[in-house]
Amino acid sequence: MRLDNARLNRIVSIAMAVAIVGGVGGYLVHWYQNRPKWWDPVQHYMIHVGLKETVRMAGLSVVGAAVIGIVLGTLLTIDFKPSRALIRLYVEFWRGLPIVVTLLIIAYAVPRISLIENTIEFVHRRQLSLFEVGTVTLVLWGSAQVAEA
């Protein structure tokens, strides 16, 4: 029986995949059996707290970004140049700004703007939580993406 190139390549690819999975799998089993003592509490926290908060933030961000983005995108279709210019400014600003910079702006600059502090009572000298900062950042960025689409 003669092996052609395609069949030989397939056999070699399967053999390489089995070797890689076996090697990595063996290493992971060995590591898990000899894991450090701090691993279990960290893993528990990541799954039970971190995953829950991440899903909650993602859900709020997607809904908020979709609602705001659809409204802004719809308003972009109206042929009124001042509103289109303001919406384009919003879209270009939040899309062009790196997300880390947006996080810093929302976390440190927004709570210190006197206009917001005097107008909205509950923001007055209140530091935003990390969850709120992350969610607002993702809503701003996502709404600009949706409005652009």
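Because the model is predicted, local features need pLDDT of at least 70 and side-chain atom pairs count only at pLDDT 80 or more, while totals for chains, interfaces and linings use all residues, and side-chain values use heavy atoms, with hydrogens and water left out.

**Stop 1: Thr135.** Select helix H6, residues 130-148; helices here are DSSP runs of H or I, at least four residues, numbered from the N terminus. Thr135 sits in this helix and is buried, at 10% relative accessible area (buried means under 20%, with a 1.4 Å probe and protein chains only).

**Stop 2: Thr137.** Stay in H6 for Thr137, which is buried with a relative accessible area of 1%. What lies 2.8 Å from a polar atom of its side chain? Look for the backbone oxygen of Val133. Beyond four places in sequence, Thr137 touches Ile99, Thr102, Leu103 and Ile106.

**Stop 3: the cores.** Select Trp94, Leu97, Ile106, Ala107, Leu128, Val133, Leu140 and Ala144, the 8 residues of the largest nonpolar core (a set of buried Ala, Val, Leu, Ile, Met, Phe, Trp, Tyr and Cys residues joined through side-chain atoms within 4.5 Å). Helices H4 (99-109) and H6 each give two or more residues to this core, and H6 gives the most, with 3. Apart from this core lies another, of 5 residues, including Leu72, Leu76, Ile87 and Val91.

Methods:
Residues numbered from 1 in each chain as written. Buried < 20%, exposed > 50% of the residue type's maximum accessible area, 1.4 Å probe, protein only. Polar contact = N/O pair within 3.5 Å; in protein donor to acceptor, adjacent residues only side chain to side chain. Contact = heavy atoms within 4.5 Å.
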